[in-house]
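The sequence and structure come first.

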Amino acid sequence: MAAGIPGRNRAVFLLTYEELLRRRLGRYEHVTALRPLQLVSRLSVDVTVADHSAITALEVLPLRRSSGPDPARASAKTRPPVATAIRRERNVCKVTFSPNIVQQAKIATDGILGDFVIRYDVQRHMGVGDVQVQNGHFLHYFAPKDLPAVPKNVVFVIDTSASMLGTKMRQTKDALFTILRDLRAVDHFNFVSFSNKIKVWRPSGLVPVTPIAVRDAKKFIYTLVPTGGTNIDGAIQSGSALLRDHLSGAGEGAHGVSLIVFLTDGRPTVGESRSAAILGNARSAALDKFCVFTVGIGDDVDYKLLERMSLENCGVTRRIREEADAGAVLKGFYEEIGTPLLSDIRINYTGDSVDHATQHVFANYFNGSEMVVAGKLSDSSADSLHVEVTASSNDKTVVLETDVSLRRLESESERHLKAAGAGSPAFARLAANFAERAWGFLTLKEELRSRLRSRTSGERQEHVRRATNLSLAYHFLTPLTSMLVDEPEVAAPGLSVPELASSSAANELPDDRDDGALRREVDRPSLSLGDNARGPVERRPARKSVTISKTSADGDPHFVVDFPLSKTAVCFNVNGEPGHVLRLVSDHKFSGVTVNGKLIGAPPPPGSRKHQRTYFSSITVVVDRPRRAYIEVTPTKVILDGPDRLVLPCHSTASVESGGLSVAIVGGANVTVGVGANVTFVVLLHRYKNPAPYQRDHLGFYIQDSEGLSLSCHGLLGQFVHEEVGVVQGDPGEDPPSALLKVRGRSVPAVRKSRRVYGGARTVDCWFARNNGAKLLDGRYEDYVAAHMFDTGEGRRRSNAA
C-alpha cells in the first residue's frame, strides 16, 4: 500500500487487521513492524493480550531487526526495549512501547526500529483441552504436553542444483548440521541429494541415530556440491521408496511418525516436469503412510507445486524469501516438526450438538503447536457439549473425553472480553463475534486448500464459490478478493450509495498469483452470501447500502425538500454570493448540530442567461455534544477535529469514529457524516478531470437521517425536516402546471418543474417556489448567511415572515 501526503499536511491511517495467531514452539508471537523511516515526535504501540485462560510466560523481546539474528535465540536473558511498560493480570496483559525521539535515535537514526515482538502462552487444561463459547459458536483448542515423544522416521531430500550455489547452499548445510545434533536416539533418518542425478546417503535404508551415523552424515552433507538441473520427481520417488521400505519392515522405528522434508530453490527441469504428474506420483508413493513437508527458497520456486504436494500428503509448506536467512528458517521449521507427540488424532463431538465443524482429523501433533477446531452449536441453549479425542502414541491408543459446560464457558468469555476491552470501543467491536469470525477464517482456509487439491474443474469451481462467499461475508482479503474499492456510480431509481466495508487480512492464506485463469473468473464475483454448502453465513454483505434522501442542496445550488407524508417534493433556488457561508441546518441549542456551506463562483456556460453561478466549495458539520467538534468536507479532503485532529483524503476509502462523530469516505464518490445515532448527512463529491472554464469542483449536500434533529431545527433545509406541506393544484390545463403550497399557514405560489439530483443520476418532479423561495422560507436571504464556517448562530434572533 502506498499513499502520497502533500507537504504541510497531516494524515492519519487507521488500519483494522485481524490475525489468528498460531502457536509455535510453545508460544504465541505477536509482531508489530516499526519502520517510520524517520525519527518521529510521537510513537506509541499499545498491545492488549486477552484470553479466557490464564496468560503465562509473557515476554517482550528486544527489537528485532530483519537483518539481524533473532534476539530470543541469541540470549536466554532478554530485556524489553527501553520505554516499555507491562501491566499484567491473570487473563489480560497490556503492553505499551512509547519511546521519545531521543530514545528512538539511540535505537536507529534511520527510523527503522525493527519488530516489536511479544511472546506468550496460556495455561491450557489437560485432557481434551479448552473450549470457548460465544453467540452459538465455539472454539476448541487442543495442545497436550508432558507426553512422551514419538519416534520419527525422517528423510531429508535436499536440492543441490546449480542455482543453490553460494549462500543458499552454505546456509542449508549449517542448518542440516544443527538438525543432526537435534535428532534423538530413537529416530531413524537418511539423506537424499538431487540435481541431474539422485544421490542417496545410505541406499540400504534409514539408519538409527548413533554418534557414528551422525558423523558420517555430516561428511555427506559437507561434500555436497551444487551443479546441474532439478529432478524434483526423481528425488521425491527416491525419498518415498526409502520410507516405504522402512515401514514395511518389522524392525525398530517402523511404528513411529514418518515424514519427508523436501527443500528446493527451483522448478523441475530434469525428468518429469509436469506438475500434475509429479503430484500424482507423490500421492501414489506416499499412500497416506507418511507426510511430505516442503520448503521453497527464493523467487524461482513453483510454490503452488510445493503447497499442493504438502496438502495432498498431510504436510505443510514453508516459504523462504530470497533475502531471508535460509538456514535460520530451516532450523526453525524443523524445530516445529522435530518432536511428534501424537498421530492419527480425531476430535469428535457426539450426537447432533455441532454443525459445520472445521477440520477435526489431524495426521500428527507436534510438541509446542496447537490444534484448533471451530464450529456452530446446533442448539445454543444446550447446557453441555460432549468432547472426545482419540489418538495414537507410538503403538498405543489414547482416548480422552469429557462434558464441558457451555453456559459457564460463554459467561467466562464474555467477562474476560469485557475486562480486556474496557475503554476501547474498537476492541469491543472486534471481540463481539470473534468465535464466529474464527470459524469463518478456518473454514475459508479449508476451502482454499481443497481448491488446490481439486482433481476436476467442477470441484475447483465449487470450492472457489464457497471461499468467495466467505471472503465477502467476513471481509477477508484472499487471493479471490481485492482490497480495492471500485468508484461507485450513483444509481438511478432506488438510489443507494455503497458504504465503506473494512477489509481484514486473513493471515497466511495460500498465495495464488500464478493462477491467472482463476483470478479472471472471480475478480468481480456476484455471489449469494448465504449460499454455502457448510451452512448459511449469518453476516452482512461486504458492502451494505443506504438510501439517500432527496432533501438536498446540490449543483448551482438547487434546493430540494422531500415531504414523504405528502408524497411530494418542493424545490427552490438561492442566488447567493461567492464567499458567503449559508446555514443549511441550525439546531445548535437543542441537538447541538449546525451545518454550514461556503459558496464559490463560476462563470456561466456559453448561452446561459445567468451572469454567474455558485457552488458549495466546502461544508462543515459542527457539533457541541458531548464536546465541541467539527467535520469539514472539501472536494479533496475531510478534516475531523475532535479528540484528535484527522485529515483524510477524499480519493481514498476510509472510516473513522471520534467523539460521537463518524465519517465514512467512499473514495472519489461521497462522504457520509454521522452525528450520534440518528443524524446522518451525505456529501457528494463532484470533481472534473479536465474542467472547462465554467466548471468548478464542488459538493452536494443531502440530509439522510434527521430523526435526531429537534422540532425547533432551522436553516435553509433544516426548517423543513419536521414539517409537511399542503398542495392546492391550479387549472389542470395550465402549462406548466401551477399550485399553491400551504407552509406554516402561508400560501406560496409554485409551478411544476424537474430537478436533477444525485449528480444528475436521477430526475425529481417538484413544485418550484420562485424568487429565491419567497414565503416558502422563513425570513430573508441575509438571515441564512453565517459569519464563518464554524458559526453556530448562538444568540442570534431569527426573523419570520408572515
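## Terms and basis

A residue is called buried under 20% relative accessible area, exposed over 50% and partly exposed in between, using a 1.4 Å probe and protein chains only. The model is predicted, so local features need pLDDT of at least 70 and side-chain atom pairs count only at pLDDT 80 or more, while totals for chains, interfaces and linings use all residues. Residues are numbered from 1 along each chain as its sequence is written, and side-chain values use heavy atoms, with hydrogens and water left out.

## Aromatic pairs

Rings of Phe, Tyr and Trp (its six-membered ring) pair if their centres lie within 6.5 Å; planes under 30 degrees apart count as stacked, over 60 as edge-to-face and the rest as tilted. A search of the whole structure finds 20 such pairs. In one of them, Phe191 and Phe220 have ring centres 6.5 Å apart and planes at 40°, so the pair is tilted. Phe191 belongs to strand E10 (residues 188–194) and Phe220 to helix H4 (residues 211–222), so this pair ties together parts 29 residues apart in sequence. Helices (H or I, at least four residues) and strands (E, at least two) are DSSP runs, numbered from the N terminus. Phe191 is buried, at 2% relative accessible area, and Phe220 also counts as buried, at 15%.

Phe563 and Phe720 have ring centres 6.2 Å apart and planes at 85°, so they form an edge-to-face pair. Phe563 is in strand E27 (residues 558–563) and Phe720 in the loop between strand E39 (698–705) and strand E40 (726–729), so the pair ties together parts 157 residues apart in sequence. Phe563 is buried, with a relative accessible area of 2%, and Phe720 is buried, with 3%.

Ring pairs also link Phe156, Phe189, Phe191, Trp201, Phe220 and Tyr334 into a cluster.

## Charges over rings

A charge sits over a ring if NZ of Lys or CZ of Arg is within 6 Å of the ring centre and within 35 degrees of the ring normal. Lys376 lies over the face of Trp439, 4.6 Å from the ring centre. The charged end of Arg752 sits over the ring of Trp767, at 4.6 Å from its centre.

Strands pair if DSSP finds at least two bridges between them. An open sheet of 4 strands runs in the order E7-E8-E19-E17, with antiparallel pairing. Its edge strands, E7 (130–134) and E17 (354–355), each pair on one side only. Strand E8 (residues 137–142) and strand E19 (residues 371–377) pair in the antiparallel sense over 6 bridges, and His140 stands opposite Val373 in E19.
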